[in-house]
Amino acid sequence: MKTLSIKGHKEAREFLSRILEEGRIGHAYLFTGREGIGKRLVALEFAIKILGEQKKERVLKGTHPDLYFMEPEKGLITIDKVREAQEWLSLSPMEGDSKVLLVDDAHTLKEEAANAFLKSLEEPPSSAVIILITPFPHQLLPTILSRCQIVRFSPLKTEEVEEILREKGLDASTARELAILSQGSLLQIQSLKEEDTIVKY
């Protein structure tokens, strides 16, 4: 079974846990911070908590029917992809009361697609939670930004990167050296690309 090994981001994760516990989850969130620091992993953790811990394995595999990924192809999220996601959003959840739409690299929503997607943020289904993920929030339409609760992520600490690298099998010396060079982002370490297309930093 796949697992999530998340380092850092204590404040963001505690905030998300708290709103779930208090029953005041919003309809749209924007996760922002530099690339390669774990925003997507935290989004998946949040989705698991929304959909139910017993659904964890299918969420991580990307096979849960109430979880939908909208991602760029050839550097863009097209209006066709937006329309497919909107059609999915319009349907009732299949296995519970909620469904989660993850929009990875949301800054690749260009004007036509972004304007179409705005309708989903203005009139979201009551069952839907939409999570946009981007290191470049300034590239999003102001109207999209204004409809999302912004959750900011800081770079990982050197010791957190080092711990991740050691868990991936690197020896202590190499892990420490690469962690120092990483500047808080695993993306800086090109030799450690995550093979799994769902669980990545």
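Axes are lines fitted to C-alpha atoms, for helices over the stretch in contact. In this predicted model, helix 4 (residues 79-89) and helix 5 (residues 111-122) pack with their axes 8 Å apart. The angle between the two is about 10°. Angles under 35 degrees count as roughly parallel, and helix 4 and helix 5 are therefore roughly parallel to each other.

The residues at this contact come from both helices. Helix 4 contributes Ile79, Val82, Gln86 and Leu89. Helix 5 meets them with Glu112, Ala113, Ala116, Phe117, Lys119 and Ser120. By class, six residues of the contact are nonpolar, two are polar and two are charged.

In soluble globular proteins, nonpolar side chains tend to be buried together. Here, the largest nonpolar core has 36 residues. Those with the most contacts inside this core are Phe31, Phe46, Leu67, Val100, Leu102 and Ile131. Helix 2 (residues 39-51) gives the most to the core, with nine residues. A second, separate core has 26 residues, including Ile77, Trp88, Val103 and Leu109.

The surroundings of Leu102 were examined in turn. Neighbours within four places in sequence were left aside. Leu102 is then in contact with Ala43, Leu44, Leu67, Tyr68, Phe69, Met70 and Ile131. Two of these partners, Leu67 and Ile131, are also listed with Leu102 among the core residues with the most contacts.

Aromatic rings were considered next. A pair of aromatic rings is described by the distance of the centres and the angle of the planes. Four aromatic pairs are found in a search of the whole structure. One involves Tyr29 and Phe46, with ring centres 5.6 Å apart and planes at 90°. Planes over 60 degrees apart count as edge-to-face, so this pair of Tyr29 and Phe46 is edge-to-face. Tyr29 lies in strand 1 (residues 28-32) and Phe46 in helix 2. The pair links distant parts of the chain, 17 residues apart. Both Tyr29 and Phe46 are buried.

Tyr68 and Trp88 form another pair. Their ring centres are 5.2 Å apart and their planes stand at 35°, so the pair is tilted. Tyr68 is in strand 2 (residues 67-70), while Trp88 is in helix 4. The pair therefore ties together parts that are 20 residues apart in sequence. Trp88 has a relative accessible area of 11% and is buried, since buried means under 20%.

Aromatic residues also gather in a group. Tyr29, Phe31, Phe46 and Phe153 make up one aromatic cluster. Phe31 and Phe46 of this cluster are also among the residues with the most contacts in the largest core.

Note on methods. Residues are numbered from 1 along each chain as its sequence is written. This is a predicted model: local features need pLDDT of at least 70, side-chain atom pairs count only at pLDDT 80 or more; totals for chains, interfaces and linings use all residues. Side-chain values use heavy atoms; hydrogens and water are left out. A nonpolar core is a set of buried Ala, Val, Leu, Ile, Met, Phe, Trp, Tyr and Cys residues joined through side-chain atoms within 4.5 Å. Buried means under 20% relative accessible area, exposed over 50%, partly exposed in between (1.4 Å probe, protein chains only). Helices (H or I, at least four residues) and strands (E, at least two) are DSSP runs, numbered from the N terminus. Contact means heavy atoms within 4.5 Å. Axes are lines fitted to C-alpha atoms, for helices over the stretch in contact, and angles run from 0 to 180 degrees between N-to-C directions. Angles under 35 degrees count as roughly parallel, over 145 as roughly antiparallel, 65 to 115 as roughly perpendicular and the rest as oblique. Ala, Val, Leu, Ile, Met, Phe, Trp, Tyr, Cys and Pro count as nonpolar, Asp, Glu, Lys and Arg as charged, and the others, Gly among them, as polar. Rings of Phe, Tyr and Trp (its six-membered ring) pair if their centres lie within 6.5 Å; planes under 30 degrees apart count as stacked, over 60 as edge-to-face and the rest as tilted.
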